[in-house]
Amino acid sequence: MLDLTYDAPKPKTIAGAKHDWELVIGMEVHAQVSSKAKLFSGASTQFGAEPNSNVAFVDAAMPGMLPVINEFCVEQAVRTGLGLKAQINLVSAFDRKNYFYPDLPQGYQISQLYHPIVGEGEVLVEMGEGVARRVRIERIHIEQDAGKSIHDMDPNMSFVDLNRTGVALMEIVSRPDIRGPEEAAAYLTKLRQIMLYLGTCDGNMQNGNMRADVNVSICRPGDYEKYQETQDFSHLGTRCEIKNMNSMRFIQQAIEVEARRQIAIVEAGGEVVQETRLYDPDKGETRSMRSKEEAHDYRYFPDPDLLPLEIEQAWVDEIAANLPELPDEKKARFIKDFGLTDYDASVLTAEVEAAAYFENVAAGRDGKMAANWVINELFGRLKKEDHDITESPVSPAQLGGIIDLIAKGDISGKIAKDLFEIVYTEGGDPAEIVEEKGMKQVTDTGAIEAAVDQVIADNPAQVEKAKQNPKLAGWFVGQVMKATGGKANPKAVNEIVAAKLGL
Amino acid sequence: MSIDQNTAAKVAKLARIKVEEDALPALAQEFNTILGFIEQLGEVDVEGVEPMVSVTPMRLKRREDVVTDGDQQEKILSNAPDAREGFFAVPKVVE
């Protein structure tokens, strides 16, 4: 593997009325485990079903029902941990987090406070070429999701749907290593990318597959470095937690707004109170969730319904052995094996399907050329119609065929674009289309010479001018290309024009 | 550790159990009796002893990732005091 070294990005600085301030951000990302059934019941996890139809009696907390863990959900959490290069704990345990809310029928959430299944790991968050933040992962634990409350269907009532109740979540907790709104978004994007590669989370933010609680505090420049040296939190400001956000844009806005609120308080001589806040995107402000304060006394205790979760090292090793190639490794390999730029490799590895597509196109061909065609032509065209790479009407074999025709000199780059459009809209084998439609580049010098002679004969005045000003040769080349319907080999035309004009 | 009336009231509130003001002293006393017993257990030296989680050696039972349950909206809602259009209907809880 190519060793890529990175510099740390500069932290975001916000100028207050008196001083400059830096941001310190830690995130708790709730990622829904991609599984068919729920964490402790056999009910389906499918999104968008009829309300309360994906509910087992366990999920509805009927008396006497006992949870039985879905082993695949455990496997997914382990896989995610391995993907984040994290410590896997062979013994973990479940605890009850007690609180009352209508969408939580048990009156507690089964979670892992004291003994999480995954320990410390790390995520590399790139912030441009050669610049990356290393965000340490503190832990990942498995827990149940709550149901969904709908507040706008009736003026006096809230409606509760328990379909999501009991679906497995992974809570991925970072250390306070994120230093700005853009880094927070990039971190979330990277987590999402890794989990999509691993197949452990669908990453659909609109459907709430990934939600984030963001802890924000402020400090004076230099204080964060003191914290890093000592791991002593007293060097950092008091943090506030902004709850439950599922939009990259709102997360960035909320962080900025919250940081400015804290700066204003501190500069006015006040103190930030540690609390839970909610971001209101309409008003562009965060506000205290006072009602949550008392509920914060969760009275955790070990869940007596569940034995500790013991897994075997051999099982973990097997999962590790079958891990797919991850984004960082794939990117490094693309740069090394295909000679791609850092930027192109990032674009091509953003989604695992796109990376696979590119590799199929690039196999046995020029990697840079393949990258150009996939990124500029294919991605551009797909984007126009809001299509995904998986919906591409052009297969890797077809795109490869077009590239082969260019490489052989059968078609020019310009004709290739026309050919691509035909293949995209009508399908078909590129080589056959070129034959049928007579798109082949004319490399027969005799034919080109004849065309050049004709243009020279028709334009004696231009010939005189060109002799004074050799730059005008380009005009002749254009005329010849026009006359041959763009099929003449441009290189051959250039040479012949120059020779005939005596330049 | 001693539980006073205020703590007893707080615990009752967190557990959503209604306790009348005049019942609080007795409740606090009961808590203290229970905690007193627990404190006695604390006298046992368990240094280096793994916590026992089960009387018999058992492994946490697992299930496969297969949908085997659900599709019983009517049964799920049958105990609800109020249900509308497939949802539980509860007093408004929005902040």
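Author: A salt bridge here is a side-chain nitrogen of Lys or Arg within 4 Å of a carboxyl oxygen of Asp or Glu. By that rule, 4 salt bridges run between chain B and chain A. The model is predicted, so local features need pLDDT of at least 70 and side-chain atom pairs count only at pLDDT 80 or more, while totals for chains, interfaces and linings use all residues. Residues are numbered from 1 along each chain as its sequence is written, chains are lettered from A and ligands numbered from 1 in the order in which they are written, and side-chain values use heavy atoms, with hydrogens and water left out.

Start with the extent of the contact. Contact means heavy atoms within 4.5 Å. Chain A brings 49 residues to it, and chain B brings 40 residues. Buried area is the accessible area (1.4 Å probe) that two parts lose on being put together, summed over both. For this pair of chains it comes to about 4100 Å², with 59% of it on carbon and sulfur atoms. On the chain B side, L60(B), R63(B) and D65(B) lose the most area to chain A; together they account for 19% of what that side buries.

Now the polar part. One salt bridge joins the side chain of R59(B) to that of E312(A), at 3.4 Å from N to O. A polar contact is a pair of N or O atoms within 3.5 Å; within protein, one must be able to donate a hydrogen and the other to accept it, and residues adjacent in sequence count only if both atoms are side-chain atoms. Between the two chains, 25 residue pairs are in polar contact, both residues at pLDDT 80 or more.

Which elements of chain B give two or more residues to the side that touches chain A? They are α1 (5-14), β1 (62-63), α3 (73-77) and β3 (87-91). Helices (H or I, at least four residues) and strands (E, at least two) are DSSP runs, numbered from the N terminus. Of these elements, β3(B) gives the most, with 5 residues. By residue type, this side of chain B holds 16 nonpolar, 7 polar and 17 charged residues. Ala, Val, Leu, Ile, Met, Phe, Trp, Tyr, Cys and Pro count as nonpolar, Asp, Glu, Lys and Arg as charged, and the others, Gly among them, as polar.

Strand pairing also crosses between the chains. Two strands pair if DSSP finds at least two bridges between them. Strand β3 of chain A (residues 69-70) runs parallel to β1(B), and 2 bridges join them. I69(A) has R62(B) as its bridge partner in β1(B).

Next, helix α1 of chain A (residues 71-83). Q76(A) lies in this helix. Buried means under 20% relative accessible area, exposed over 50%, and partly exposed in between (1.4 Å probe, protein chains only). Q76(A) is buried because its relative accessibility is 1%. Its side chain reaches the backbone oxygen of G199(A) at 3.0 Å. Leaving out residues up to four places away in sequence, Q76(A) touches V33(A), S34(A), M170(A), G199(A) and T200(A).

Back to the salt bridges. Over all chains the count is 44. One pairs K12(A) with E256(A), at 3.2 Å from N to O. This pair links distant parts of the chain, 244 residues apart: K12(A) sits in the segment before β1 (13-15), and E256(A) in helix α4 (residues 248-267) of chain A. K12(A) is partly exposed because its relative accessibility is 23%. E256(A) is partly exposed too, at 22%.

A salt bridge also joins R175(A) to E138(A), with the closest N and O atoms 3.7 Å apart. R175(A) is in the loop between β11 (168-174) and α2 (181-198) of chain A, and E138(A) is in strand β8 (residues 132-144), 37 residues apart. At 32% relative accessibility, E138(A) is partly exposed.

K226(A) and D223(A) make a local case. Their closest N and O atoms are 3.6 Å apart. Both residues belong to helix α3 (residues 223-230) of chain A, 3 residues apart, about one turn of the helix. K226(A) is partly exposed at 42% relative accessibility, whereas D223(A) is buried at 18%. Finally, a network of salt bridges links E258(A), R261(A), E275(A) and R277(A).
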